Amino acid sequence: MRWSHWVRSVKHTPSAMLLVVQLGALLVYPFLEDNPASRAAFSILGIVVLGLAVLSVRRSPPPTWVSVLLAAPALALLLAQLVSDASWLTPWSAAFEAVLYFYAAVGLIRYMVGDPVISVDDLFAVGATFTLVAWAFAYVYTVVQAVAPESFTAAVDPTSPRTWMELLFLSFTTLTSTGLSDVVPVRAFARSVVMLEQVAGVLYIAMVITRMVGLSRSRVAPGRPAPHADGPETSG
């Protein structure tokens, strides 16, 4: 009975499941990154997140076959890394994952703004979309670092390649405009990508969040006052 209830929850609120897995991954990644033996678990976790992203896109207007087409090569490359030590496959899988995550984010945005009634899953989609964009830019940074080594530096081991957790941290701090990251882009193209993410973070707040607030307020019928906290008015 509990299993069927969980399956129904995943079906009706895929955005919530995606958000929970991604936030949980932020706590799991540090334990996987420094241990080579944990490479398999790291790849499996990426496959799970990919599956949830595809599931979320199925509930949005973009065609499902596009997300499947993008997920297939990324999944194949992750599985190849799972059974081998081919680290050179990492930027290739990151490239496909970045495109998939951007596509899923666009799909969730269209799903949110196209629904005249805000549901529970819409609220979770706000957070899930934000994390999808952060993940997508982190994968872009992985590709940038592979194409142009030493694109990023940091206070610790400044000349070493930045780890996945460092690039993800850079992505989140850039997207949220907190500016707390000690990872710094030093090459021109890397700085350009970081600026694009800064713009994406501002536009997400200005456009998507504002649109969701507008939809929430529009639920009050025109010409009908909103209920007051003091209780219903009494007629004299």
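Helix axes are described here as lines fitted to C-alpha atoms over the stretch in contact, with angles running from 0 to 180 degrees between N-to-C directions. Helices (H or I, at least four residues) and strands (E, at least two) are DSSP runs, numbered from the N terminus. The model is a predicted one, in which local features need pLDDT of at least 70 and side-chain atom pairs count only at pLDDT 80 or more, while totals for chains, interfaces and linings use all residues. Residues are numbered from 1 along each chain as its sequence is written, and side-chain values use heavy atoms, with hydrogens and water left out.

The protein contains eight helices and two strands, arranged along the sequence in the pattern α-α-α-α-α-α-β-α-β-α. It has 236 residues, of which 40% count as buried; buried means under 20% relative accessible area, exposed means over 50%, and partly exposed lies in between (1.4 Å probe, protein chains only). The accessible surface of the protein is about 13300 Å², and 70% of that area belongs to carbon and sulfur atoms. These areas come from the Shrake-Rupley method with a 1.4 Å probe, and for residues only the protein chains shown count as cover. Among contacts (heavy atoms within 4.5 Å) with a separation of 6 or more, 74% join residues 24 or more positions apart.

H5 passes H6 in a left-handed crossing; a crossing is left-handed if the near helix is turned anticlockwise from the far one by less than a right angle, and right-handed if clockwise. By class, 24 nonpolar, three polar and three charged residues make up this contact of H5 with H6. In this grouping Ala, Val, Leu, Ile, Met, Phe, Trp, Tyr, Cys and Pro are nonpolar, Asp, Glu, Lys and Arg are charged, and the others, Gly among them, are polar.

H5 (residues 90–113) also packs with H4 (residues 64–83), at an angle of about 150° and with the axes 9 Å apart. H4 is therefore roughly antiparallel to H5, and the crossing of H4 and H5 is left-handed. On the H4 side the contact includes Val 66, Leu 70, Pro 73 and Leu 77, and on the H5 side it includes Trp 92, Phe 96, Leu 100 and Tyr 103. Sorted by class, the contact of H4 with H5 has twelve nonpolar, four polar and one charged residues.

H6 (residues 120–147) has a further partner in H2 (residues 14–33): their axes come within 7 Å and cross at roughly 40°. That angle makes H2 oblique to H6, and H2 passes H6 in a left-handed crossing. Among the residues that meet are Leu 19, Leu 23, Leu 26 and Tyr 29 in H2 and Phe 124, Ala 128, Leu 132 and Trp 135 in H6. The contact of H2 with H6 divides into 13 nonpolar, four polar and one charged residues.

Two residues of H6 can be followed individually. Thr 129 is found in helix H6 and is buried, with a relative accessible area of 0%. Not counting residues up to four places away in sequence, Thr 129 touches Ala 105, Leu 108, Ile 109, Met 112 and Tyr 204. Ala 134 also lies in helix H6 and counts as buried at 0% relative accessibility. Leaving aside neighbours within four places in sequence, Ala 134 is in contact with Leu 168, Ser 171, Phe 172, Leu 175 and Glu 197. The C-alpha atoms of Ala 134 and Ala 105 are separated by 10.0 Å, with the two residues 29 apart along the chain.

Glu 150, in the loop between H6 and strand S1 (152–154), has phi near 65°, a positive value in a residue other than glycine. At 52% relative accessibility, Glu 150 counts as exposed. Asp 157, in the loop between S1 and helix H7 (164–175), has phi near 50°, a positive value in a residue other than glycine. Asp 157 is partly exposed, with a relative accessible area of 48%.

How values were computed:
Angles under 35 degrees count as roughly parallel, over 145 as roughly antiparallel, 65 to 115 as roughly perpendicular and the rest as oblique.
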